[in-house]
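Welcome! Here is a short briefing to read alongside the sequence and the 3D view.

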Amino acid sequence: ALPSDLDAALALLDLLEFEQDWVAAQVVAERAAELQSDGRGRAELWAHAGRIAQQQLADEPRALGCFERALVEDPDDLQTQAMIGRIYWERQDAQEALPHLLSAAAGLSDPELAAELYVMAGEAADSLGNSESARKAYTAVLEFSPTHRRALDRAGQLAAQSEDWERVYELGAQLILHHEAQLGEPERADIYARMARSKLIEGESKAAIRLATKAFRLDERNVDVMRLQAEAHEAFGDAFEAAEWYKRAAPLLDVKERRDALVRAGTLLETSGDVARAASMLAEAQAVAPSDEKVAELLARARFALGDARGSGEAWAVTAETKTGRTQANLLMEAARPMLGVRGEGDRARQLLEQALHQTPTHAAAFQALRTRLAYEGDSAPLASLVERAAEAFSDDPDTQVDAPGGDRPQAARQLWSDAFEIHRDQARNPQGALRTLKRLMDASAD
């Protein structure tokens, strides 16, 4: 039976510990804690019971229960607080570990132990995504141990996240100074890249290039370093070199970022006067993002500046193929526009206009452009057919109101039926067509 008297319990505890009967000793230590009337004494006994369970029995759950009972009795016991934090951290319960670790570390006078607990707290905060607590923990580590490798690295990363660029550079320099020999090449590359970013943000583009170059030599597959090189050279005013770095990074990026890198390269080259290389970059961007209208516009503009009317139009045509309806018709009109009136490109321009009107028969710009061309060429049968299709659409489709002059769809239909009648009668010499369209005109007028 367990003792009912505190003095007896303590005497039995001493005997059991002397005999190293740890199972019994742990039970008696808990009993003594229950019998103790003094709060602090009770806390000490619960902590003692916890140490037996932890160190002698490897019974972590029981140890944790004892330490928590001790902390209830004496909330200011930092050693117990630290022990609870350690156990929770070893159990990978960061949520429970973090407050205990921070509280214990903040109050302990032992700098080595405090630094150790702050490192655990920082790692716990990292695992929880609590960047503010992590930043405070790693900063505290550096107060006790200014060259602590893990703390320097994570504090630098967190400073970069919070855009404290002066601190980023300072921590990176300390990490390189004290630990360069122990760091792997990818780690050093990341550190130099953070330092380069710091200098770039501070307006020191030449220093940023120097540091980014060090980073790249250490890790030539690091796409973030490549983009950093591009940004640094751009800030330095070297558009050609910046464009090359954007192009080098592009294949390693996802689709959207690849598109953005190639567009940026093309834009830089165009503004610096190298339109041919700009067009080449933008063509690569369109291959990555064929449905992107902005890319089509930039590529069309660059090719037009080179005197390549067909290429300019085809840039729009590629994107048009990814669309439907009026959007496709609009893009096909843009594709035809640079070829209109250009020798040797008339057939392709006509084909594009016909495609646009197949999607939207009343598209105002495409209709007028194709009508003018057919009339100029004297191609009366296709001209009549073109006008009839537009008249039919105005007659039957309410959505065509947007194309009707003044928004008057019935009047637009009547005018086109009249035009079609005159084309059949006077140009195509087609009595049947003239009779058919005259009947439609009369029906429209009656309506």
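## A first look around

Val27 is partly exposed, because its relative accessible area is 29% (buried means under 20%, exposed over 50% and partly exposed in between, with a 1.4 Å probe and protein chains only). This is a predicted model, in which local features need pLDDT of at least 70 and side-chain atom pairs count only at pLDDT 80 or more, while totals for chains, interfaces and linings use all residues. Residues are numbered from 1 along each chain as its sequence is written, and side-chain values use heavy atoms, with hydrogens and water left out.

**Val27 and its surroundings**

- You will find Val27 in helix 2, which covers residues 22–35; helices here are DSSP runs (H or I, at least four residues), numbered from the N terminus.
- Leaving aside residues up to four places away in sequence, Val27 touches Leu2 and Arg62, where contact means heavy atoms within 4.5 Å.
- From Val27 to Val225 there are 198 residues in sequence and 60 Å in space, C-alpha to C-alpha.

**Two aromatic pairs**

- The structure holds two aromatic pairs; rings of Phe, Tyr and Trp (its six-membered ring) pair if their centres lie within 6.5 Å, and planes under 30 degrees apart count as stacked, over 60 as edge-to-face and the rest as tilted.
- Tyr118 and Phe144 are stacked, because their ring centres are 6.2 Å apart and their planes are at 25 degrees.
- Tyr118 belongs to helix 7 (residues 111–128) and Phe144 to helix 8 (residues 131–144), so this pair ties together parts that are 26 residues apart in sequence.
- Tyr118 is buried at 11% relative accessibility, whereas Phe144 is partly exposed at 34%.
- Phe216 and Trp245 make an edge-to-face pair, with 4.9 Å from centre to centre and 85 degrees between the planes.
- That pair links distant parts of the chain, with Phe216 in helix 12 (residues 205–218) and Trp245 in helix 14, 29 residues apart.
- Phe216 is buried, with a relative accessible area of 11%, and Trp245 is buried too, with 8%.

**Helix 14 against helix 16**

- Helix 14 (residues 239–249) packs with helix 16 (residues 275–288) at an angle of about 20 degrees, and their axes are 12 Å apart; axes are lines fitted to C-alpha atoms, for helices over the stretch in contact, and angles run from 0 to 180 degrees between N-to-C directions.
- Helix 14 is therefore roughly parallel to helix 16 (angles under 35 degrees count as roughly parallel, over 145 as roughly antiparallel, 65 to 115 as roughly perpendicular and the rest as oblique).
- Where helix 14 passes helix 16, the crossing is left-handed, meaning that the near helix is turned anticlockwise from the far one by less than a right angle.
- On the helix 14 side, Phe240, Ala243, Glu244 and Lys247 meet Arg277, Met281 and Glu284 of helix 16.
- By class, this contact of helix 14 with helix 16 has three nonpolar, no polar and four charged residues (Ala, Val, Leu, Ile, Met, Phe, Trp, Tyr, Cys and Pro count as nonpolar, Asp, Glu, Lys and Arg as charged, and the others, Gly among them, as polar).

- Most residues other than glycine have a negative phi.
- Ala58, a residue other than glycine, has a positive phi near 55 degrees.
- Ala58 sits in the loop between helix 3 (39–56) and helix 4 (60–73), and counts as exposed at 68% relative accessibility.
- Glu163 also has a positive phi, near 60 degrees.
- The loop between helix 9 (149–161) and helix 10 (165–179) holds Glu163, which is exposed at 59% relative accessibility.

Key. Helices (H or I, at least four residues) and strands (E, at least two) are DSSP runs, numbered from the N terminus.
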